[in-house]
There are 2 protein chains.
Amino acid sequence: MTVHPFDAAISLAPQPDGSALGATSPAYWNMIGPYGGITAAVVTQAVMQHPQRLGEPLALTINYAAAVTVGPFRVRAQPARTNRSTQHWRVELVQDDGAGGESVSTTASLVTATRRDSFADSDVPMPAVPRPGEIARVDRSASGVAWLEQYDIRPVAGDIPTRWDGQIADSTSQLWMRDHPPRPLDFPALAALADLFFPRVWLRRALRVPVGTVSMTVYFHADDAALAATGAGHLLGQARGQGFRHGYFDHSGQLWNEAGLLLATTHQVVYFKG
Amino acid sequence: MTVHPFDAAISLAPQPDGSALGATSPAYWNMIGPYGGITAAVVTQAVMQHPQRLGEPLALTINYAAAVTVGPFRVRAQPARTNRSTQHWRVELVQDDGAGGESVSTTASLVTATRRDSFADSDVPMPAVPRPGEIARVDRSASGVAWLEQYDIRPVAGDIPTRWDGQIADSTSQLWMRDHPPRPLDFPALAALADLFFPRVWLRRALRVPVGTVSMTVYFHADDAALAATGAGHLLGQARGQGFRHGYFDHSGQLWNEAGLLLATTHQVVYFKG
């Protein structure tokens, strides 16, 4: 049986001190480091497989402090506080600094929680859009960006501009997305998909400027049952820019499964040049 | 000269080990702990006054792991990584656990950044609403909740229901807000104002159920100049619920100054009962 590239990328070997060892995956390489989503998945996985974990992911914040470099890394996930229904995790990803010490590339917090039945509804219903079967998977192999090959992306609206003419447009995007090849959804994969939106500033300005995510937050509304019901189906992602100022912008987004269930909401703030 | 209650509440005494000591303020007390916004302000202030700080706040995530109890607390703020234009802070608020040890009540991360001129715009223009002078400050002194007295709140739309009849309504709120008495805006005050929205689930259900914020994120779009231009004026806050499920909901919000400049965006996920 072939291991899915996503499972290979988030594979972590537990160490006696409670940390876990992993290594960067060429399949999820971006320009100068791994795809930010795969790092979010690694952070999530470190907590998922930790023997002290209680409950399921509820709120993830990941801060991209520096590019992860090619090779091995260590993830430290520690519960800072455990309550009856929530557990607060501190996570960091470190690498050898080449001088006998460690360099912190990523800091994160993850709140896990036990879920229970409650009032349930959504103020962000899934927009009416064509089904994933009606839209072709976009071919971005010519981009030379490895991680894009690991996703099935079907743009609905607000795709990356094809003419970089500096025209200012609306910054809302909608796209169907899933792992490629398809893989049953779990929390690490959902965390990774939350980072799939290309930079809003590219759309807003129709200008391809250098960018880098500084911090991303994901709130998980899905429980295990919702993940199982979603399976390897597509998710509809929607994101919209908010403020663009002083070299940083933020966006706010939502992810639904094909049945229209809100699985996660996400926000991020991104550095941009120009 | 009288010290503003906000300044008293966020006053921190630096310690030789780099931590800082503070104490809870009766003026900002909520039901079973301090107003979450004042804790966000304390976390922000700990970084603002830290001698190693570079740049201004860009992205704050605060995780409310447990209620802060009445009395003294210690804030530890440490830079996990310092880059040329960003600095990644880990912050925690701890209290004596009564058994010779420490209890973590709050974990947080704050990214500070140097700002520079860039393309600037907003995809979330301030909605057209009546000016603050046209709306009376709401009197919530009868609520018996101390921290509400420290704010000038002028509801525009989506105020706390006056009839708790279980009617499901839209969960968007708009309100003018500022410190009371007025105080020139700074980063800690902006962080505190970001938590001012009453729980969306109360509005959505017109039902007053027990709630508690689990995690809040604030992205600061304001720089020092924008804060100075805002002064002691009102901010317009807008928040809207997203998902409500399994005992948790999240909302997404924006804060503008009277001139319509987007000062911050904010998100939070909240526990609710029922």
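Biologist: With which residue does Arg90(B) form a salt bridge, and how far apart are the closest N and O atoms?

Modeller: This is a predicted model, in which local features need pLDDT of at least 70, side-chain atom pairs count only at pLDDT 80 or more, and totals for chains, interfaces and linings use all residues. Residues are numbered from 1 along each chain as its sequence is written, chains are lettered from A and ligands numbered from 1 in the order written, and side-chain values use heavy atoms, without hydrogens and water. A salt bridge is a side-chain nitrogen of Lys or Arg within 4 Å of a carboxyl oxygen of Asp or Glu. Arg90(B) forms one with Glu92(A), at 2.3 Å.

Biologist: Why does this pair join two chains?

Modeller: Strands are DSSP runs of E with at least two residues, and helices are runs of H or I with at least four, numbered from the N terminus. The pair joins two chains because Arg90(B) lies in β5 of chain B and Glu92(A) in β5 of chain A.

Biologist: Is Glu92(A) buried or exposed?

Modeller: Buried means under 20% relative accessible area, exposed over 50%, and partly exposed in between (1.4 Å probe, protein chains only). Arg90(B), at 31%, is partly exposed. Glu92(A) has 15% relative accessibility and counts as buried.

Biologist: Which residue forms a salt bridge with Arg204(A)?

Modeller: Arg204(A) is buried, with a relative accessible area of 6%. The pair crosses between chains, from helix α4 of chain A to strand β7 of chain B. The partner is Asp121(B).
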